[in-house]
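I opened my notebook to look this structure up piece by piece. The entries below are in the order I wrote them.

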Amino acid sequence: KYPKRLLIHRMLSAFKYRLYPNNEQERRLTRSLLSLCNLYNDLKAEEMRRYREEHRSTSLTAFRSLALDARRHDEELHEIHSQVVQNVGDRVHRAFRNFFEGRARFPRWKKPHRYNSLTYPQSGFRLNPARGLLLSGLGYVRVFVHRPLLGKVKRLTIKREADEWYAIFVTEREGAKRRPLAEIPLKRVRGADMGIAKFVTFDDATSAEYPEFLRKSENKIRQIQRHFS
């Protein structure tokens, strides 16, 4: 028998939904992205100045404080949720940290047409499938929830892709319970070979067919496509 002790892990999932903002909401979202892009470049310039003149880098807390201070003195930024503004400081800090730790090249200056997302880390939004996605300062935005949102929402990113808008929720939920490999008796370990004709062939000569998820889902896909059209 297997030992009773099990491992419980948590996993992050992303749920992407299409947004349909009205003309005024789209105008305000576009204006917000421009303001946040300018803030990103300002924080990057401040970090370069501090490192050049004071020979020290800026902490994450200091970046957030600088972002909030800029929000207090800028009417455009003041209309954006405070945590969205703080997240710009997080982005700049992460970009420089990745550079200094050798994971990325030196951070670029952001251009307005390439700054296409804003993030709500914890609050400022609420999803109501019947009414839409409530965003701070924008009201309810029409959203197409094509699948249920599972797990606890950790953050929300609003993204512009090819003149279309999307809401990307990152959630955390409990994954399947798994046993540590070390606790599985060696005599129960089996070998398997992935193949072309068969999905998998085991070392006892048995095999399994391909699950053919697409074939089994074709009817549902046709219904969804008709609904979308």
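**Entry 1: a residue on the outside**

I began with M194, which counts as exposed because its relative accessibility is 55%. The cut-offs are under 20% relative accessible area for buried, over 50% for exposed, and partly exposed in between, with a 1.4 Å probe and protein chains only. M194 lies in strand β8 (residues 192-194). Helices (H or I, at least four residues) and strands (E, at least two) are DSSP runs, numbered from the N terminus.

I then noted that M194 forms a nonpolar surface patch with F199 and Y210, with about 290 Å² of accessible area together. Patch residues have over 30% relative accessible area and no salt bridge; nonpolar side chains (Val, Leu, Ile, Met, Phe, Trp, Tyr) are joined within 5 Å, like charges within 9 Å. Accessible areas come from the Shrake-Rupley method with a 1.4 Å probe, and for residues only the protein chains shown count as cover.

**Entry 2: the model as a whole**

I wrote down that this is a predicted model, in which local features need pLDDT of at least 70 and side-chain atom pairs count only at pLDDT 80 or more, while totals for chains, interfaces and linings use all residues. Residues are numbered from 1 along each chain as its sequence is written, and side-chain values use heavy atoms, with hydrogens and water left out.

The mean pLDDT (the predictor's confidence in each residue, from 0 to 100) is 87, and 89% of the residues reach 70 or more. Among the elements, β8 has the lowest mean, 77, and strand β2 (residues 117-120) has the highest, 96. I counted 5 helices and 10 strands. Of the 229 residues, 30% are buried. The accessible surface comes to about 15800 Å², and carbon and sulfur atoms hold 51% of it.

**Entry 3: the inside**

Which residues have the most contacts inside the largest nonpolar core? I found L36, L133, L135, L156 and I158, in a core of 34 residues. Helix α1 (residues 23-54) gives the largest share of this core, 7 residues. Such a core is a set of buried Ala, Val, Leu, Ile, Met, Phe, Trp, Tyr and Cys residues joined through side-chain atoms within 4.5 Å.

Leaving aside neighbours within four places in sequence, I158 is in contact (heavy atoms within 4.5 Å) with residues including L19, L29, Y120, L133, L135 and W165.

I also looked up G89 in helix α4 (residues 82-100). G89 is buried because its relative accessible area is 0%. Not counting residues up to four places away, G89 touches L43 and F63.

**Entry 4: charged pairs**

Side chains of opposite charge can pair when their charged atoms come close. A salt bridge here is a side-chain nitrogen of Lys or Arg within 4 Å of a carboxyl oxygen of Asp or Glu, and the count comes to 14.

I checked E76 and R31, whose closest N and O atoms are 3.0 Å apart. E76 is partly exposed at 32% relative accessible area, and R31 is partly exposed at 26%.

E46 and R49 also form a salt bridge, at 2.7 Å. They are separated by about one helical turn because they are 3 residues apart in helix α1. R49 is partly exposed at 25%. Salt bridges with shared partners join E46, R49, R50, E53, E54 and R56 into one network.
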